[in-house]
Amino acid sequence: MADCGTYAGYVAHVSAGEPTCPPCRRAASDYTRAWRAKNPEAYAREKEQAKLRDRALRILGQRHPNELRGIMSDLAGGL
């Protein structure tokens, strides 16, 4: 891949559905770390939204366990 070792290379790997190489993973980590440092409020909002999403999914799984198992089975069939 031509852009290996860059964030664009990482995105290209992911878009192609292929494993990311170590230089691209490192570039993605560096990019994310820098973005979080420059955007602390946005990062805090994202963290809070992720907590709420996880809690909501846990509650939905408790309320609809059979449907959850079916969805997970459907998704696993594509692996």
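What share of the contacts between residues at least 6 apart in sequence join residues at least 24 apart in the protein chain? Here are some notes to read alongside the model.

1. The share is 3%, counted among contacts in the protein chain between residues at least 6 apart in sequence. A contact means heavy atoms within 4.5 Å.

2. A word on the source: this is a predicted model, where local features need pLDDT of at least 70, side-chain atom pairs count only at pLDDT 80 or more, and totals for chains, interfaces and linings use all residues. Residues are numbered from 1 along each chain as its sequence is written, and side-chain values use heavy atoms, with hydrogens and water left out.

3. The protein chain has four helices and zero strands (DSSP runs: H or I of at least four residues for helices, E of at least two for strands). Its radius of gyration, taken over C-alpha atoms, is 17 Å, well over the 12 Å that the globule rule gives for 79 residues, so the chain is more spread out than a compact globule. That rule is 2.2 Å times the number of residues to the power 0.38.

4. Buried residues make up 11% of the 79 in the protein chain. Buried means under 20% relative accessible area, exposed over 50%, and partly exposed in between (1.4 Å probe, protein chains only).

5. Now look at the cysteines. The whole structure holds zero disulfides, a disulfide being a pair of cysteine sulfur atoms within 2.5 Å. The sulfur of C4 lies 3.6 Å from the closest cysteine sulfur, in C21, too far for a bond. For C24, the nearest cysteine sulfur is that of C21, 3.4 Å away. C24 is buried, at 0% relative accessibility, whereas C4 is partly exposed at 36%.
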